[in-house]
Every structure is written in C-alpha cells, then in structure tokens.
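Here is a short briefing to read alongside the model. Take a look at the structure first, and then let's walk through how some of its parts pack together.

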Amino acid sequence: MTVAPPTTLAPTEAQDPAAAPLRVEGLAVGHQGRVVQRDLTFTLRRGEVLAIVGASGCGKSTLLRHLIGLQTPLAGRVLYGSHDFHHCDEATRDGLRRRFGVMFQAGALWSSMTVGDNLMLPMRLFTDWPPAERERRARHKLALVGLPQGFELTPAALSGGMRKRAAIARALVLDPALLYLDEPSSGLDPVNATRLDELIGHLRDDLGTSVVMVTHDIDSVFAVADRALFLDEQALTMTALDTPAALLAQGPAQVREFLSRGRSARPQAASSSPMACPA
Amino acid sequence: MKAEVSPLPGPGPAEMHDRASSGTRASLISAGGTLVFFGEVLLALGRLLRGRSCMQRTDLLAQLDRTGPLALPIVVLTCFLVGLMLAYMGGAQLARIGAQALIADVVTVGMVRELGGLMTGVILAGRLGAAFAAELASMQSHEEIDALRVLGVNPVDHLVLPRLLALLLVMPLLTAFGMLVGVLAGLPAAVAAFGVPAAEYLHGSLKALTWTHLWIGQFKAIVYAALVALAGCREGLGAGRDAEAVGEATTRAVVKALVWIVAAACATTVFFTSLGY
C-alpha cells in the first residue's frame, strides 16, 4: 500500500492526532453483516481534500454512509476529534454532527421547500438565530456557491449543477469544518464539473474546509484532491493512499491503470471565477 | 402429425416449500417492522408531549391545510351517495312490513355510528394514505430522509407526526360533515320514494341520534385516521430506493390502510355491541 509518510501531517495533527478533523481506525463496513470493505485506517488532515476512489460497487458510498452515521460499522471506529462517533451518547453525537456537512449524490434538497427554506431548516433546528439572521446567512451561502438568485426557487426549478451547488450551500450553513461530498460531479457536463471543482478548491483554500469526496471522476481527483484513497473491490480494503500524482507515478499497478484510464481532457471553465453560476 | 409438447417444468415440492417459507418470513419481518414503527411513533408522541420533539408547527399547519379542506368535497359526495343508498335499501325492506317511518332511524344510526367514519376513512386511505406513502417514498429514493438523519433529525418526529396529528385533527370534522350529509341525503329518498313526511324524517333522525352513537362513530373515525396515517407513513419510510419503490409503497399503503380499517371497523363494532352500547 502506498501511504503518505506521517511526517507530512500538519504540525498540530502530528503532535495531537485528536486535532485531525476525522480519523478512521480499523473500520469494516457492509450491509446486513456482509463485509464490503475492512481494515480501513486513515486520517483526514485539516484543510485537505481527500478523494475516495475505486470501481463501481467497491463500497465508496457505503463507507461515506458509515462516516456520517447513516450506517453502523461492523468493526472499527470513526473519530471526530477524540470522540468515537458511533459509540458516544446521543448529545455528543448531535454536537459532532454539527462539525460536518454532507452533500448527497442527487443533492437531496427537500423538495417540498424552497431552496432558502432548505438552507434555513438546519439553522432553525440547531441555532436560536432570529429569522432575519437565518435568511441573511442562507443568502450569503447561496452567493458563496454562485447561486444568489436561488433563494426563492424550488429544487425542481434548478438544473443539476445548480442543485448540487444549493446542496453544498446547505451543507455549509452551519459553518462545518468538514464537508462530505458524494459524487459531486456526477451527471454534470464537463464545464459545470470543472466549476464545481473550482468551488471545492475555493472552500479548501479560502475557508479552510476539509473535504472528503467520493468520486468516480478522475479529472476531479487530479484537479482538487490533495490525496486519494483507493478502495479495492477484490481485496475488500484500501490498497493505496497518497497524492494523485504519486499514485499515478508509483502506485500499485491496478491503481495506476484506474487513474490513467479514467482521465479525460476536460475543458477549462468558461468563466475565470469559480463562483460563476452555471447554466 | 401431432407434435409432442413437453410440459413446462414447474416448481417442485422443495421449491414451493422454499417459496412459502420465504414468503412467511417476509411477512413476519414486515409485521415486526410495523410494530417497531408503531413503537417509534409512540415514542415520538411522548417526546412531543414533553416538548422535546423537533416537529415544526408550520409543518402541522401545512398538513392540516392539505388534509382537511381539500378532502371535504369528495367526503361529502361519497357520504351523500351512501346515505341515499342506505335510505333506498333500508326503505325497501322496511316498506315490506309497513315500517317506512323507521327509515330515518336506519339512515341516522347507520351513518353516524358506522358509515360516516368508515367512508371518510376509506376516502382518506385512497387520497391521503397514498399521498403520504408516495411523498415519503420519493423522499427516501432521493436521499432526502438521509439528509434529515444526518442532521440528527428524527424522520418520525419531522415527517410522521405532522401527518398523523393533522389527520387526527381533521378526521372528526370531516366525519361530522359526512354524517350530516349522509343523514340529510336519506331525506329526499324517504319523502319521494316512500312517502315519509319530511318533518317526520327529521324528527325521527333527531330521536335516533344519541350521544352514544355519536361518540362511538367519532371514536371509530379517529382510529381509522390513525391507521391511514400510519399505513401511509410506514410504507413510505420503509420504501426502497429504486424507481419502482414509490409505486409499490403507494399500493401497499392503500391496501394495508383499507384492510386495517375494515378489521378495526369489525373489531370495534363487535366490542361496543358486546358491551351493550
């Protein structure tokens, strides 16, 4: 397995592993007792974009569902700070949930509400901010993702790219330190996929948000990911963790083949600004 | 020349046994899931009473708006037709023994005690039970319910309670309208077909209408409302994530609600009658 050396950890995390936004130790994930992936151990560094890649059906989204608490691990631990997410009391878990935001593959915007209400619901549930403050923050987040005109629209009125941006805005409303993205560029045309990559880069570089991104899109991995974690469907475990360039150059043969075959010539974004609103 | 056709290979005894046992197992799992769901709803009601529920008042108001006024016309129409039918059928039988004057009693007791609530429940099962299941199943397939869970929001508190409470609140009103319209629908039939004076019909109705019939009718209606809401929400939340899941959940919700309503109607009728009410 190609694993980045521990010396590359940020100084704070090297001194105190609990400072890392996410640590996974010996995790085994699966459905109804059937193991899909096992022995998963990795640490997400602060301000890092970590891509989880692998063939279809290898367990990427299943791993994500375990990381965000939608499924209980078969073994191992998911640690946010020093707290084991799956083995702490409900009040602690509620607090930990506020540390991360999630963008689901299809956006998962609540269809019965406007986009603005989608963004304001988490604030209504978890803060005592007055309605005017909630609206101000929701509009700010929508502007941040390049969707300032979306507040009053319903999810059905949005294009695929806009829906994904709105979902990222909703994931960001409580200012989480960690963002989970499930297939952010799936179903998008290359131009919009590039814009979304730029937005992810902006969130990392300007806001310091750590990102875990499950993706099939190898272009996206090379564009924004600091490291990539490769899940092998045959070995049922992670077989590589390193920078995309290092994996392409020196990774296991299977990983090199996966990464090189998955690359395509994606066009540059039409706008120089990652905040530009897609069509 | 006659071609020989070999019989299609059918399932052998072992395969049929396997199918039967897997069907039984699936039914037991489903029944267990329904019981667990009922328990979750009871816990959610407990949280609501203790002020610890994340149910939004606006969601309840929105559900009240869509469950009540929009269902009223179809409930009124159905109960009118059932009342009319009851008067004709009851009148025809009573006329054979010269007891047409009792048409009002038959229609009033029938509509108030049994049919008003039953017909309203059936209408709501088709209209709202199906709608609840379709909505929640669609949310399930689009990961909207996962998005709630990730926030720590209990879907039963957030999605089931508003629907359940809205139905429990509007059902007595809808049933009262249905009962009234059903009783009044018997009037033209009694007058035109059986020569009962209008005043005598109304007087007979008022005389037959007792508080016992009224509260039993309303009690049953509330039970039906709970069953419709629970069947719809249970099937919606338990739906799969594929495209067919929404349709399957909707069908199951309606069938389940109707079966539960009829079973509850039978059980409550036997129960109250055996108690002498």
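Helix 1 (residues 13-49) and helix 6 (residues 155-194) of chain B pack at an angle of about 90°, with axes 10 Å apart, and are therefore roughly perpendicular to each other (65 to 115 degrees). This is a predicted model, in which local features need pLDDT of at least 70 and side-chain atom pairs count only at pLDDT 80 or more, while totals for chains, interfaces and linings use all residues. Residues are numbered from 1 along each chain as its sequence is written, with chains lettered from A and ligands numbered from 1 in the order in which they are written.

**The helix pair in chain B**
- From helix 1, B:Glu40, B:Val41, B:Ala44, B:Arg47 and B:Leu48 meet B:Val156, B:Asp157, B:Val160, B:Leu161 and B:Leu164 of helix 6 (contact means C-beta atoms, placed from the backbone, within 7 Å).
- Seven residues of this contact are nonpolar, three are charged and none is polar.

**A sheet in chain A**
- Four strands (DSSP E runs of at least two residues) make an open antiparallel sheet in the order 3-2-5-6; pairing takes at least two DSSP bridges.
- At the edges, strand 3 (34-44) and strand 6 (83-84) each pair on one side only.
- Helix 2 (residues 60-67; helices are DSSP H or I runs of at least four residues) packs on the sheet, touching strands 2, 3 and 5 of chain A.
- Strand 2 (residues 22-31) is joined to strand 3 by seven bridges, and A:Leu22 stands opposite A:Leu44.

Key
Two residues are in contact if their C-beta atoms, placed from the backbone, lie within 7 Å. Axes are lines fitted to C-alpha atoms, for helices over the stretch in contact, and angles run from 0 to 180 degrees between N-to-C directions. Angles under 35 degrees count as roughly parallel, over 145 as roughly antiparallel, 65 to 115 as roughly perpendicular and the rest as oblique. Ala, Val, Leu, Ile, Met, Phe, Trp, Tyr, Cys and Pro count as nonpolar, Asp, Glu, Lys and Arg as charged, and the others, Gly among them, as polar.
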